[in-house]
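Let's look together at how a protein can hold a small molecule. Keep the 3D view open as you read.

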Amino acid sequence: MIIFGLEGTAWNLSAALVDEKNVLFEKMATYVPAKGGIHPREASQHHAEHMARVVGEVLQEAKDKGLKTDGIAFSQGPGLGPCLRTVATAARVLSRKMNVPLVGVNHCVAHIEVGKWRSGATDPAVIYVSGANSQVLALRRGRYRIFGETLDISIGNAIDKFARSVGLGHPGGPKVEALAKEAKDYISMPYTVKGMDLSFSGLSTAATEAAKRYPLPDVCYSLQETAFAMLVEVTERAMAHAEKKECLLVGGVGANKRLGDMLTSMCQERGAQFFLPERKYMGDNGSMIAYTGLIMLKSGVSTPIAESKVNPGYRPDEVDVTWAEG
Ligand code: AMP
Ligand code: MG
């Protein structure tokens, strides 16, 4: 089976073709805001502008190699409404034109599935940390249950907001990580874990305030240490509760080496195994949508056009996991 996948929930428009074993091709076009954070309408205009080229390049490669596409997968949500609608419109057209089934994929579930596929994890507790989401999940009785999540903004957003406030530009994650390496001291920051849930908004503001008085590297370091300790605490408790012996890190913030190291030591102490997919599968990409669409279609799931409406607030635990056991 060969599936075409289209991702475009936020900053990255990406199309890919995958089969059961490999990613065959992937093309993308990245939206970079002129100033500030992601503007939903501008991002969707970016996607519309680049859609024909990105999709066309993947389909042309398929044609050149004589490959036949068996289905069209698209990110149905969660994400920015205008971006989702642009992607869904293109996906519906492709499905109709090529006369192959359409499958709407939950973007969070796709991060998890591509992470498992590329890292070899089988039944992990998942820490999903990105520009828009921060969740700790595990498969239980047919769904990816959310054990803990942010009550306000995501960790990626918290870092990006802080970074913009001190003039580091967007996205701030990699810049904050680099600066943190030059730190000398830890500055106390608000550590907010409520039950199994997290809050990052106050932490982001506290870091912005601290940057007025302390060296920037110390603030970056303290922000990371505090936020990541909160995430590791919740992940560890989810692993204990759900009795998972594996931990999988996915989402754009997963590129952070310090977060990976902290999770690695937590796993070592519990006798568990830590999994990290290659970096190109951590942030948003078309391959994750194509692959998840493939395993969904194989398990008999498809999305009739009438049910292909986008869902900006689509939660991963709304999806019946018909393709895996846990
Ligand atoms: P995603 O939404 O999954 O595409 O991920 C984008 C988010 O990942 C943005 O908030 C980035 O700032 C963040 N990010 C990317 N690289 C790093 C890094 N090395 N450390 C922390 N955050 C990062
Ligand atoms: Mg994402």
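## Contacts with ligand 1

In this predicted model, a backbone N or O atom of G252 sits 2.8 Å from an oxygen atom of ligand 1. The neighbouring entry to find is V253, where a polar backbone atom is 3.4 Å from an oxygen atom of ligand 1. Now turn to E177: here a polar side-chain atom lies 2.7 Å from a nitrogen atom of the ligand.

How much of ligand 1 does the protein bury? On its own, ligand 1 exposes 500 Å², and the protein buries 91% of that.

## The shell around the ligand

There are 17 residues around ligand 1, and those that come nearest are W11, G131, D160, E177 and G252. By type, the shell divides into 5 nonpolar, 9 polar and 3 charged residues.

Where do these residues come from? Domain 1 (3–111 + 281–318) and domain 2 (121–279) each give the shell at least three residues. Among the helices, α4 (155–165) and α5 (173–180) each supply at least two. The largest share, 3 residues, comes from α5.

Note on methods: Residues numbered from 1 in each chain as written. Chains lettered and ligands numbered in written order. Predicted model: local features only at pLDDT ≥ 70, side-chain atom pairs only at ≥ 80, totals over all residues. Heavy atoms only, no water. Near = heavy atom within 4 Å. Polar contact = N/O pair within 3.5 Å; in protein donor to acceptor, adjacent residues only side chain to side chain. Areas by Shrake-Rupley, 256 points an atom, 1.4 Å probe, with all protein chains shown as cover. Helix = DSSP H or I, 4+ residues; strand = E, 2+ residues; numbered from the N terminus. Nonpolar A, V, L, I, M, F, W, Y, C, P; charged D, E, K, R; others polar. Domains from an automatic or database assignment.
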